[in-house]
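Visitor: I would like to go through this structure with you. Please begin with the terms and then take the parts in turn.

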Amino acid sequence: MALVSTWAAFSLRLDEWHWPTEYQWFAYVLPPLLAVPVFTRIGLYLAVFRYTGLSALVGIGKAVFFYGLVYFLILMGFALPGVPRSLGILQPLIFLILIASSRAFARFWLNSIQSAIRGEMSQEKRWLIYGAGAAGVQIASALAETRQFAMIGFLDDDASLHGKTINGRKVYSPKKLDELIEQYAITDVVLSLPSASRVRRNEILSTLRNFQVHVRSLPGLMDIAQGKVTVTDIQELDEDDLLGRECVPPNPELMQLNITDKAVMVTGAGGSIGSELCRQILENRPARLILLDHNEFGLYEIQSQLQERLPETSPETELVPMLGNVRDPGRIREVISIWQPDTIYHAAAYKHVPMVERNVAEGIKNNVFGTLNTAIAARDGGVASFVLVSTDKAVRPTNVMGASKRLAELVIQALAVDSATKFSMVRFGNVLGSSGSVVPLFRQQIRQGGAITLTDPEVTRYFMTIPEAAQLVIQAGAMAEGGDVFVLDMSAPVKISDLAKRMVELSGLSVKSAANPDGDIEIQVTGLRPGEKLYEELLIGENPQTTAHSKIMKAQEDYLSWPLLQQKLAALEKAAEENQLALIRAILKELVNGYKTSPEVEEQSKVLPIRIKAAK
């Protein structure tokens with residue numbers, strides 16, 4: 001190409017087909033002798049042609065510039081007869097065009113061969129990107145590089161973009177989605193709408209549910225702004241999208257009141273709620289964050305996550321991971337005495353209804369007496385604020401988990417009387433994405449292509465995302481006056497069957513039913529589990545009070561005095577130690593308003609202790 005570009009430069013300059021004579025041969029010999037060492041030094045021969053892009057073209061331009069500068073200076077210095085000086089400019093320009101064109105052709109040719117081998121256009125995955133902004137263009141480039149999917153084009157609401165092309169991909173109106181699906185067999189739509197409101201996203205998702213396409217999403221605006229978006233960031237729809245409602249932004253003053261520049265302790269720090277509480281707390285710059293958990297791996301994992309965030313989020317915060325069980329009063333007193341927390345968020349609990357129903361005594365020891373141990377240690381240790389993370393299952397419970405959490409609330413209410421520590425509790429429903437949540441389970445069942453298991457088609461639950469729940473817990477605790485029972489506004493309850501159908505449809509599949517026997521995913525009803533309710537409640541009493549936060553209410557509920565409750569707790573502790581299930585349930589019925597059990601559970605209470613004794 002060095003020789004061809006020299007011949008072309010001579011021919012253009014002299015306006016005739018050229019054949020070199022005399023000193024003109026020097027102008028032919030010089031370019032290869034200069035180009036090879038210069039290009040080698042700059043690294044032009046190390047490039048992989050298949051991935052030639054903008055950076056590679058910049059490298060070619062840089063190499064040819066240095067080569068051309070030397071070539072021009074030599075021609076100018078020697079002033080050879082018959083060799084025009086303008087050749088020193090014209091030849092490098094032609095040389096640049098030849099090199100860039102050859103590499104672009106090589107990329108096209110090699111990729112065409114690879115695409116033919118892989119059958120790119122016959123791939124099962126054919127994608128559209130909803131959103132032709134910067135994020136959408138970036139992810140389209142990433143998809144093109146992988147060559148694992150056929151990127152068909154863009155969808156965008158902006159009518160001025162319709163019909164235009166971006167990097168060779170056409171922008172279509174969302175109204176033409178049905179035509180595109182039929183014409184190109186579209187399988188996936190990626191939402192690239194980082195700045196769109198939740199309302200707009202919900203409108204788009206409602207539209208996409210009518211088509212059999214798999215809907216995915218990109219991360220948030222901050223990740224895109226920081227240049228972190230890659231093809232690996234394409235993910236399943238987040239819990240906010242599945243929930244389909246707007247979240248209320250947190251109040252910074254309430255978030256910081258009990259946290260900023262203070263020592264904060266979280267029990268159950270390795271759990272779903274506890275770990276998110278830790279992340280939210282770190283954002284508000286505490287002086288010290290004490291992480292308590294009996295699960296070594298969970299504690300290590302949350303500590304590692306927080307350690308990575310420290311430099312950017314709160315570099316002055318001291319992280320203190322503490323292994324310990326809330327059932328060990330000595331260990332709890334020791335931790336509080338040494339690290340002196342100002343605020344405690346008590347999230348340590350057994351929360352899985354069927355599991356606690358099978359392990360009644362352990363559930364009572366952990367949920368009731370673990371809370372009692374931590375609360376007493378906090379009171380005696382001079383902790384300023386103590387917040388119990390509770391559940392809607394504590395309201396007129398039909399299972400031991402709910403009854404144990406209501407009894408934990410009663411403990412907090414009783415201890416709050418005449419105490420310098422501001423005790424409070426925050427009651428809310430299910431959190432999407434937590435361990436034991438239906439969302440991870442349904443996703444796994446959909447991926448496996450099997451049936452989605454549903455206990456009852458009429459089951460309804462209150463739902464909230466983990467970050468929103470953690471933020472509201474912190475804000476509610478900041479408003480506590482002592483003995484407060486805060487209830488989070490969970491909006492309207494959601495039918496689990498509707499959530500399952502929404503997840504199936506947004507995965508690009510259809511629900512198999514009597515009306516649609518050729519559907520992809522069947523929904524099987526397995527029957528209510530022991531202790532499970534069709535619906536949950538958030539209030540025991542009536543007429544909750546409003547607070548300074550639109551999503552937080554304050555319940556007015558009765559409780560027992562501490563001397564009376566203490567006697568009952570002593571009897572319950574003895575029954576739990578001896579694993580007397582019938583006696584445990586009897587005491588729970590006496591203490592917890594509205595607690596009821598099914599005949600099946602009652603029968604289990606009579607039989608299980610005998611089996612345990614026989615096994616011993």
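Guide: Two strands pair if DSSP finds at least two bridges between them. Helices (H or I, at least four residues) and strands (E, at least two) are DSSP runs, numbered from the N terminus. This is a predicted model, in which local features need pLDDT of at least 70 and side-chain atom pairs count only at pLDDT 80 or more, while totals for chains, interfaces and linings use all residues. Residues are numbered from 1 along each chain as its sequence is written, and side-chain values use heavy atoms, with hydrogens and water left out.

Visitor: How many bridges join β12 to β13?
Guide: Strand β12 covers residues 385-389 and strand β13 covers residues 422-427.

Visitor: Which strands are the edge strands of the open sheet of 9 strands?
Guide: The order of this sheet is β10-β9-β8-β11-β12-β13-β18-β23-β22, with mixed pairing. An edge strand here pairs on one side only. The edge strands are β10 (318-323) and β22 (545-546).

Visitor: At about what angle to β10 does helix α12 run?
Guide: Axes are lines fitted to C-alpha atoms, for helices over the stretch in contact, and angles run from 0 to 180 degrees between N-to-C directions. Helix α12 (residues 296-313) lies across β9 and β10. Its angle to β10 is about 175°.

Visitor: How many of the residues of β9 are buried?
Guide: Buried means under 20% relative accessible area, with exposed over 50% and partly exposed in between (1.4 Å probe, protein chains only). Strand β9 (residues 288-293) pairs with strand β8 (residues 263-267) in the parallel sense over 5 bridges. Strand β9 is mostly covered, and the buried count among its 6 residues is 5.

Visitor: Which residues of β5 are buried on each side?
Guide: In a regular strand the side chains alternate between the two faces of the sheet. Strand β5 (residues 188-191) pairs with strand β1 (residues 126-130) in the parallel sense over 4 bridges, and 4 bridges also join β5 to strand β6 (residues 214-217), again parallel. Both faces of β5 are covered, with Asp 188 and Val 190 buried on one side and, on the other, Val 189 and Leu 191.

Visitor: In what order do the strands of the open sheet of 3 strands lie?
Guide: The edge strands are β15 (452-454) and β20 (511-512). Strand β20 pairs with strand β21 (residues 521-525) in the parallel sense over 2 bridges, and Lys 512 stands opposite Glu 522 in β21. The order is β15-β21-β20.

Visitor: How far apart are the axes of α16 and α21?
Guide: Val 400, Ala 403, Leu 407 and Leu 410 in α16 meet Arg 585, Leu 588 and Leu 591 in α21, where contact means heavy atoms within 4.5 Å. Helix α16 (residues 400-416) and helix α21 (residues 581-591) pack at an angle of about 50°, and their axes are apart by 10 Å.

Visitor: What is the relative accessible area of Gln 24?
Guide: Gln 24 is found in helix α2 (residues 24-42). Not counting residues up to four places away in sequence, Gln 24 touches Phe 10, His 18, Trp 19, Gly 82 and Val 83. Gln 24 is buried, and its relative accessible area is 9%.
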